[in-house]
Every structure is written in C-alpha cells, then in structure tokens.
Amino acid sequence: MKRRKEYSIQQAITLSFSVLTLSIVSAALIIAYRFTIEEVQNVSTDYISQLISQVNDNVDQYVTYIEDVSEVVRKNSSVRKWAAEVDSAGPATTMVLADSVINQLTGIVNVRSDVSTIAAFTPSGSAVFDSREKSLNVHARYEETDWYTEAVKRGGDCFVSSSHVQNVVADRYDWVVSVSRAITKGSGEIMGVLLVDLNYSLINDLCAGVDMGMQGYLYVVDKEGNIIYHPQQQLVYSHVKSEVVDDVLGKNTQIIKSDGNSSKLYISNYSEVTGWTVLGVVNADDLIQSSNNIFTFYALFVLLFLAAGAFLSAVICQNLTDPLQKLVIAMEEVKSDNLELRSNILGNISGPREATQLSSAFNEMIAQLNQSIRQQEKAREERREIEFKALQAQINPHFLYNTLDSIIWMAENGDSDGVVEMTAALARLFRSSISEDRELVPFSVEVANIRSYLTILQMRYKEKLSYDIDIPSGLLLCSVPKLLLQPLVENAIYHGIKPKDGPGKITIKGFEDKGRLIIEIGDNGVGMSKDQLSNILNKKPHSGGIGISNVHNRIRLIFGEEYGLSYAGALDAGTIVRVTLPLAI
Amino acid sequence: MIFKGLGLVRYKVALPICLCFLTVGILVAVYPGAVFSQKNNQQERSIIYIFKTTADSSEFWNSVSDGIEAGSREFGFSYDILGASDETDIDGNIAAVEQAIAIKPDVIVLSASNYEALEDAARHAVEEGIILLTLDSGVAGDWAHCYVGSNNYEVGRLLGEELKARIGDEGKIALIGHIEGAQSVEERLSGALDSLASLDARRILPPVFCDGDSAKAKRQLQGLFEEHPDISGVIATNEDSALGAGDAVSELKLKDTVTVITCDNALRQISYLEQGVIDATIAQKPFNMGYISVQTADRLLRGGGSKVPEFYDTGVEIITVDNMFTIENQKLIFPFRG
C-alpha cells in the first residue's frame, strides 16, 4: 500500500498535455467567439445601416424626381392658361381649356403606374384632372386640406404630404402620398395648386423588396411620426400592431427595444430632402441566436480537437514509456539474481533516441557483467584444475618408487638408520601435502617440506647433491602457495644437476625486498639456453610433473600478474629461479 | 487512469481514430450549416372560416378576409373560406360547417347566419375535437371558445343614440335589418330599440329585413316612405341595408329631412356620408376581426386557453362627415391596400 499516490510518466504527460490543450483551446475559443460575435453584430448593423441609407437615397431621388415632374407640369402652358382663365371662363371655354390640360396630363399618367392622379385646382373651386372620367368630389373641401394650404403657403415650392386618403376625386378614396405645388404668375401671385398623387406601387417597390435578412423589415415615417410605408401597414393602422416611432424620429441612430419576449434593434436614417425617416428593424434575438450557434460551433470544434489531442498524447506517451517499462522489467530480472542473463535482453527496442541509447547501454552493461562473471568462473576453474594437478604432482610416482627403491636398497644393506630417516622424511612429506587443502600455507611448512624432500634426495644422491637453505626466521610466518618450492627444486635437480658431471649444489635463499617476499632457488647445474629460459614458464609439464608453469600460474592467479617466477642463468653457468610473492602474513 | 486501458492501443489503431476526429472537426468547420438545425418549421396549422356569404361584393367580408390573410401569414396558418353564397341560406351555412368538420382542420371560425339553427353544427364541431371560434355573429349554446367581433348590442345602442341626438320630436323611425335571426342583427335591433325606448313607442315602425340584398332594402324603404311619409329617421344595421337606405333617401331626395344612421363603412356609405345622405355610421373593424381570430386561434392551439377571453370586442367608431378624414378615422374606414 502506497502512502503517496505514485504516478507514471504516462499519466503525467497525458494529464498535462490535456490541461494545456484545453486551456489554450478554450482561451482561443473565448477570444475568437467574442471577436466573432462583435464582428457579426457590427457587420449586421453596418449592413442594415447601409441598406437603410440606400433606401433613403432612393426615396429622396424618387421624390425629387416627382417634384421635377410636377415642376414641368406646372410650367406647362396649357396648365398655366387653364389656371389663369378657367375661373372667369364660360362653360365652352372651360371645356376647351380643360381638354388641353387633360391631353397633357393623360400622357403622363398613362406612362407612369405610380401616379394615381394629377390635377389642378383654383381657389374658386375649379378643378381639372388627368382624365375625363375623373371629376371633382363636391363635398371634399379641398381648400382646407393640408396639401392645398401648404402648397399655397410655400408659394411655388413643393409640399410632400404624409400618407392619406385622397377624397378629392369623386367616388374614389385612394391611399396616396401627395406632392403639391402652387401655380404662380410671374409676379408670384397664386393662380392655383397642382397636385400629383402617388400610389404605393413605386414606394412598395423601393421599400418592400429590400432583404434585410434575419426577419428584418423596414418602414418609413414622416416628420410627425405618421407612417408613410410599413410592410404591415393595415395592421398598424388597425392598432393591432404598434410600431416604434418617437425615439427614432428625425435622427440617425440605433436603439434596442425589448418587449419582454424579444428585443429588436432599430436603425434609423433621416432624410433632409423629404423630412422622412427610414427605419430598419432587426430581431436582436436572431443576432443572439446566431451567436449561440457560433458558440456551439466553436465549442464542438474545441471538443473534437481536444479529443484528438488527448488521443494523440496517449499514443505518444505509450511510445515513450514502452521501452522504459521494458527496461524496468529487465532490471528487475537482473536484481533477482537471475544468473541466466541473456545478452541483448531487451531485443529490438523502437522509440525515441534516448530510449534506444538507454537500452543499448543497458545491454552493454549486461554483456560486460556476463563476461566478467564468466571470467571469474574461468579463473576459478583454472585454480581448481591447477590445485588438482598440484595435488597430483605431489604424489609423483617416479619420486615415490625411486625413494622406495632407495629404502629397499638401504634396508638390504642393513642401513636401518638411513631407512628410518628416509621413511620418516617421506612420511613427513606426504602427511603434509595430503592434509593440506588450503591454497596458502605458512612459509615454515613449505620450508619443512622442502627440507624433507632434499633430505631424501640427498640420501639418494649422496655426494652428488648438497644444499643450503637460508631463510630468516621472520619470514617463516609469511603465507605462500602450497607446493611452491618442490617443483622448482625438483626441476633444478633433474634438469640442472643430474645431467652435470660432478657434484651439484642447491641454494635456497629467502629475503624481503620492497615489501615483497623473494625466494631464490639457485643451482650450479648445466643451465639453460636463452631459448629455454624464455620458454620455460610456458612449457607443458612432462608427464607426471606439474611443471614450472603451473607454479607460475598459480602464483599469478592467487596474487596477481605482478608476482610469479622469473628464470635467469646461462648454459653451463647454472640457473637461478626467483620467486616473487607479496609479503603477507 | 483510463489511458492505462489504452495500453493496447497501437499506432495502427490510434492514428486512424485521431484522423477521424480531425476530419470531423474540419468538416464541421467548413460546413457549419450541417450542424445546426434550421429554425424549427412548425407544421402548418389550418383554419376553416364559415362566412355568412362568400359573395365578393361585401366590403365588410373582404376586409375580414384581408385580416385573416395578414394573420395567417404572421402566425403560420393555412386557411380556407367556406359558406353559402347567400346570407339567407341557413342550410348552406350549416352544410358548410359540416363540410369543414369533415376536413378536420385545427380550428373552425363560424359566422352563423342563424343564431339557433347553427347550434347543432357547432356542438358537432366541438365534439370532434376541433377548436371553435365565432366571428361577428354568435351561436346558441356555449360551444365556442371565443367570440370575436363587435359588441352588437352596443352597436345597436349607439345607432339608437346617434339617431336620438339628431332626430327631432316628430316623425317615425324605420329600422332595416339584414338577416332575421342572425345574432348580430337581433342584438343590434335590440340595442337600438332599448335606446329608443325613451321615445314614444308609436314612432317606431316594426323592423324589416332585407336578406342581405341592398336593392331589396331600397325597395322596402321606398315602400315604407310611401306608407309613412313622416319617417324622419332610419336605422340600418349593416352595409347592405345601409346602401339600400342611402339609395332610397338619395333617390327620393330626402337627405335633408331624414336622418340616416347606419352600421359599417362601405365606400358608397362613405360617399353618402360626405354627401349628407347618411348622417353618421358606426364603423366596425372587420380587418381586426379577421386578424384577431387568427391570433386567438394561435393562442388556443398553443395551450394558452386561460388567457383567451370569451368575448374579444374589436370595438367600433362613430364616423360623421366632420371626423371622417381625421388620420385615425381614415385608417379605420379606408382599408389600406398598398
């Protein structure tokens, strides 16, 4: 049970990656969203403002055009003549005057579908219309109407009325916008009023066809706030619907009005030319709706990318931690003393460079470990082998039966002292070697053994062999390998002294030199050639003997390469073998 | 964490999945419209209107149609107008209702030619689960959810008041109704008579009914003038009777001696008003009736039954030659057809 929750690289990377992605993308989302919303709203309102402005311009142009038409008509000579003379004319003349006016006016009205009526009136009650079918409604008191009085007031300038019902034509009650103008004499005296009534066909065309998008619409009001045009004009007139007027009258402005259920944006544009205000209305909720849509869109986007990112990060993590996990497993195996280590335990690791580097380094380490273990094994094997051989040599058959021969010969000759001495020495020799299974023995033991050995040999060889052992007693406590001296002495006797004519001497000297124990075994035998000297440490032992090389190798195995044997000498000049050992107690 | 479970994920699996996510994301980016549902298109609901007459000539009913058209467009209805061609054809009126029931619209709006006779049909409609409204003329029994129209009794009362204000102490009073038995007519006459109750009862002639025919109304009134040359006041309960009365008075050149008070505002009535043949008219708001009936149907279908009044009074205005051209009254009595 873990006290503190441990986490894996995978968890850490995935978590931080996800958090980072989420925060970045969310921040981007919010910024983009706000920016987009503002842009959308601005673009929408700008668009509508432009539309409104355009419509207003068109309306201005239209009205101006009509005013020009009216100007042309009122300057028309037939019209002026009629206005000047009709009041005082008799019926026949009236007819003639009227006819000439009608001829002029009919043409205009026929050509234009937006003109409802063109007529002229005198203050005394005479009226002429654009067609003979139209006649004056005697009950209509036109001299009291706005379009008449205002035209008179303006003395020649145009008056544009609001939307109203025209009752001046008998039996007709049309909704029109009236453009009226006084017909004046050169002096400015007013002869009459010219009336041009516009029906809604062109106004409709100008206003109704405008696509405001988003359930928007536009409407037009005059200076007093009366509606000139509205797409639901009858509904407004019936008071079933009401329309915002006061706050936007006569200005260029934008306001938002809410009525509980929804809020609307009103954009107004005022025309100096007509005095009318054009208003565009957009459902502000639609702006919000589209902003909701935008938000949903962005959010969806974010989620999708987040999911993709998290997924990707998981995969990448996997890729990173896979080799690491394998490494961990391998190391666990090493830890568990699994001696059966396979080299290249990690196999083919794919992944980032660091992981592959790590795994090759690990592999190398394992290989080296394996090698070193193997080396140690090998060394131990060698040592056992050598030990075994040494043990074998100790019980050298030749030496044994030669010695026994000598004992028998001495016994046959009645030399019982000699028998006793030689047998005792032999017994001492063997007892020591058999009982000893340690690698190292005290130098005193070796010295004692070699004395036994040399005693036996000297008894056999008599005058031919003499020996001298010179070892300070202080060195006798040192540890030396067992079976150190015997092979060397044996070699010195059999290959050095025995072939020599005449007596030989073996000297064994021991001393300390620079922290080392040096033992020199010298003989004055036949010596060795240079070749023999250099090869002697490598020579395989002849049958039965363990050889110099064995001793040399053992020393080096136990103590290291810097110790061992070294031979010196020359042909016919004797041989000295130097044993170098560490000074160890 | 869940990602441990993804330990089984290999490149070959994960990469395509990631690509899928990204592809969907990019598609959403490029085709946002695909993601968002359109503004919910309501299934169009249907209303069937039973008019007293489907004849084109009635300006009143034409205005009602205009109102219905405007309302239907706004509230998303499809509508149909059924009915007999003659206001007097009660059986035709009933048959039209049955025909409508068979079509199973969402709403039926009934203008009953006869108050009593249409009760069965009205009950039948409601039993079939159709919402029933009445317009201009009501039906016996309490079957309709709502009545949209003028307060006909009040109309009658105003007719009487206007006459009283103008008429002297002398002379008889003739009353012309349009359809005997129609609720609108009965109530108006009732209102008028109540209002005239303060006058000498002998002055008041029994009402005649023109059956929706203005020519007949004219003949009837001419006959009455012959019989009672001292008629000094005429009340006409609707457009047809008014035109007939106006024609009669105009032809007989009696406009200065006879006060004529009418209901409705056909163009010729207006013209007579200007001329002084008709002295005052009570203008109803047929456009509003049409529009409001659709609006009410919409409210009822949305389940706002509690907010819908039983009687929606569309209101009337008293129009005289003096006030007929005010901006407000212009808007009322001259239907705007831009």
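This note goes through the two chains of a predicted model, point by point.

1. Ground rules. Residues are numbered from 1 along each chain as its sequence is written, and chains are lettered from A, with ligands numbered from 1, in the order in which they are written. Because the model is predicted, local features need pLDDT of at least 70 and side-chain atom pairs count only at pLDDT 80 or more, while totals for chains, interfaces and linings use all residues.

2. Chain A overall. Chain A holds 14 helices and 17 strands. Helices (H or I, at least four residues) and strands (E, at least two) are DSSP runs, numbered from the N terminus. Of its 585 residues, 33% are buried. Buried means that 20 or more other C-beta atoms lie within 10 Å of the residue's own; 12 or fewer makes it exposed, in between partly exposed, with C-beta atoms placed from the backbone. Among contacts in chain A with a separation of 6 or more, 64% link residues 24 or more positions apart. A contact needs C-beta atoms, placed from the backbone, within 7 Å.

3. The sheet in chain A. Five strands of chain A make an open, antiparallel sheet, ordered E2-E1-E5-E4-E3. Two strands pair if DSSP finds at least two bridges between them. E2 (127–129) and E3 (159–166) of chain A are the edges; each has a single partner strand, so one side of each lacks a neighbour in the sheet. From one strand to the next the twist averages 25 degrees. E3(A) pairs with E4 (residues 174–184) of chain A through six bridges, in the antiparallel sense. Within E4(A), A:Val179 stands opposite A:Val160.

4. Helices on that sheet. H3 (residues 91–111) of chain A lies across E1 (115–121) and E2 of chain A, at about 155 degrees to E1(A). Axes are lines fitted to C-alpha atoms, for helices over the stretch in contact, and angles run from 0 to 180 degrees between N-to-C directions. H4 (residues 146–154) of chain A lies across E1, E3, E4 and E5 (190–198) of chain A, running at about 30 degrees to E4(A).

5. A one-faced helix. Which residues of H5 (residues 200–208) of chain A are buried? They include A:Tyr200, A:Ile203, A:Leu206 and A:Cys207. Down the axis of H5(A), its buried residues fall within an arc of 125 degrees, so they line one face. They pack against H1 (9–75), E4, E5, E6 (217–221) and E7 (227–229) of chain A.

6. Chain B overall. Chain B has 12 helices and 12 strands. Buried residues are 50% of its 338.

7. The sheet in chain B. Six strands of chain B form an open sheet with mixed pairing, in the order E7-E6-E8-E9-E10-E12. E7 (208–209) and E12 (317–320) of chain B are the edge strands, each pairing on one side only. E10 (residues 280–283) of chain B runs antiparallel to E12(B), joined by four bridges. B:Glu317 in E12(B) stands opposite B:Ala283. H7 (residues 183–195) of chain B packs on the sheet, touching E6 (172–177), E8 (231–236) and E9 (259–263) of chain B; H7(B) makes about 165 degrees with E6(B). H9 (residues 239–251) of chain B also touches E6, E8 and E9 of chain B, at about 160 degrees to E9(B).

8. A helix pair in chain B. The axes of H4 (residues 90–103) and H5 (residues 119–127) of chain B come within 9 Å and cross at roughly 5 degrees. That makes H4(B) roughly parallel to H5(B) (under 35 degrees; over 145 is roughly antiparallel, 65 to 115 roughly perpendicular, the rest oblique). B:Ile94, B:Val97, B:Glu98 and B:Ile101 in H4(B) meet B:Ala121, B:His124 and B:Ala125 in H5(B).

Definitions and conventions: Contact = placed C-beta atoms within 7 Å. Arc of directions from axis to C-beta.
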